[in-house]
Amino acid sequence: MNPQHRNDRMLSVDDLRGLISSGEIDTVVLAFTDMQGRLQGKLCHAEFFIESVLDHGAEGCNYLLAVDTEMNTVDGYAMTSWEAGYGDMRFDMDLETIRLMPHNPGQVMIQCDLTDTAGNPIPMSPRSMLKKQLERAREMGYQMLTGTELEFCVYNTTYEDAWRSGYRDLEPANQYNVDYNILGSQRVEPLLREIRNSMYRAGMTVESAKGECNFGQHEIAFRYDDGLVTADNHVVYKLSSKQIAHQQGKSVTFMAKPNQREGSSCHIHMSLRGLDGSTVFWDDAKGRRTETYDRFIAGVLHGMKEMTLFYAPNINSYKRFAKGSFAPTSVAWGMDNRSCAIRLVGEGPAARMENRLPGGDVNPYLALAAMLACGLDGIENERELEPMTEGNAYESGAPVVPRTMSQARDLLDRSELARRVFGDSVVDHYVHYADDEMETFYSEVTDWELRRGFERL
């Protein structure tokens, strides 16, 4: 029995069989999302996929959830090690995610969950973490709707040339601030247009593109959807944008802070609906927020510092948090106030909260799981919403978000909330990830150190 389509541009198993039989599809990409938010997996020959993989599945080494960004195997993870023999995990295909990859002719992609060889979900898999919180919401009578606004910087420099130059003297696609500037967007339109149209054909609902503040910085917006759909689309869009840029002799980066100018954000909009689609966050009769909404906001704020590692997962992430930068520094909420970490917008069915903490480097599954977990905790524990921040939150005296990965790591490690909603094994796994990232970073000699110290110290 074929799963229900997410929309009419996604493929069923029967559609896929037909496209393979006709020769239009020759490659099936099996992909899962790793800790860093990257798609990893295998490219299967289409005929082999139909004959051997579709009914029997595929496997990969479990070190793929225990490597650093350089793909080095890292000691100290409980789930995998040399002592345990680095065994396999299974790619459990989600057949609702079969999509064309239009910029790569002849390819489709299927996204996967990760299970052990007995078929049990691996709890520290980002997709498993989000699915667990979505199920928790359903048990409480809610479904989550969310959208991620992902910014990136475009360079007229290939990835290969950027690597060879040590990422110095890159040529941005725009030489000045093009925030909302039509001319600035149109100058990069051959790339933006191809990304928009390819992602539409890949099953996403594309809204618009706009310029941003940093040189060559842009954003493409997609319509909100169910939480799992949004996260799945997010990682496919991120990978595809890089591939399309490469095809056009350009490069894009989703680093939170690629240079000294404005960083790239990933603002997350979120609301709850009843399982029947009814509005949860707004009382039409009273024309105001519901008590449930206030408690959800209070929960997200209450857990924000403890969950920051899931919103800001890299050393570079924390360099984005600066006063007056449109990236938040204060754990505060306000009505349509972009200086706050939580910004409330909309009324009626459109009432929603915007989490402005995550950057462009965020793993969407982890961020959505953390945000939903905290909001549901606020509802369950009837947390009281603190007074709204008016005016400049940067100068409000509100509690501040962690400014370093070390601070965020310690807060997550000590978090009773995180351990209760995710489990000790999951929290310990990501704390170890942070430990390895920091150890690697602090052992490097940087350009900054050489410039300041080579001659003058």
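Leaving aside neighbours within four places in sequence, Gln107 is in contact with Ile25, Thr27, Val29, Leu43, Arg99, Leu100 and Met101. This is a predicted model, and in it Gln107 belongs to strand S6, which covers residues 107-115. With a relative accessibility of 17%, Gln107 counts as buried, because the cut-off for that class is under 20% relative accessible area.

**Cysteines**

How many disulfides does a search of the whole structure find? The search returns 0 disulfides. For Cys61 the closest cysteine sulfur is that of Cys112, and the separation of 16 Å is too far for a bond, since a disulfide requires a pair of cysteine sulfur atoms within 2.5 Å. Cys266 is likewise in no disulfide, the nearest cysteine sulfur being that of Cys153, 14 Å away. Is Cys266 buried or exposed? Its relative accessible area is 0%, and Cys266 is therefore buried.

**Strands around S17**

Strand S12 (residues 266-274) pairs with strand S17 (residues 352-355) in the antiparallel sense, over 3 bridges, and within this pairing Met270 is found opposite Met353 of S17. S17 also runs antiparallel to strand S16 (residues 342-345), to which 4 bridges join it; here Arg343 stands opposite Glu354 of S17. The hairpin formed by S16 and S17 has 6 residues between the strands, and Gly346 in this hairpin takes a positive phi near 85°.

**Loop residues with positive phi**

Positive phi values also occur in residues other than glycine, namely in Asp169 and in Glu382. The table sets out their backbone angles and their accessibilities.

| Residue | Phi | Relative accessibility |
|---|---|---|
| Asp169 | near 55° | 78%, exposed |
| Glu382 | about 50° | 48%, partly exposed |

Asp169 is placed in the loop between helix H4 (159-164) and helix H5 (182-187), whereas Glu382 is found in the loop between helix H10 (364-380) and helix H11 (405-413). The accessibility of Glu382, at 48%, makes this residue partly exposed, because the exposed class begins over 50%; Asp169, at 78%, counts as exposed.

**A nonpolar surface patch**

Which residues make the nonpolar surface patch of about 370 Å²? The patch is made by Val445, Leu450 and Phe454. Of these residues, Val445 lies in the loop between helix H13 (424-442) and helix H14 (447-453), and with a relative accessible area of 61% Val445 is exposed.

How values were computed: Residues numbered from 1 in each chain as written. Predicted model: local features only at pLDDT ≥ 70, side-chain atom pairs only at ≥ 80, totals over all residues. Heavy atoms only, no water. Helix = DSSP H or I, 4+ residues; strand = E, 2+ residues; numbered from the N terminus. Buried < 20%, exposed > 50% of the residue type's maximum accessible area, 1.4 Å probe, protein only. Contact = heavy atoms within 4.5 Å. Pairing = 2+ DSSP bridges. Patch = residues over 30% accessible without salt bridge, like charges linked within 9 Å, V, L, I, M, F, W, Y side chains within 5 Å. Areas by Shrake-Rupley, 256 points an atom, 1.4 Å probe, with all protein chains shown as cover. Salt bridge = Lys/Arg side-chain N within 4 Å of Asp/Glu carboxyl O.
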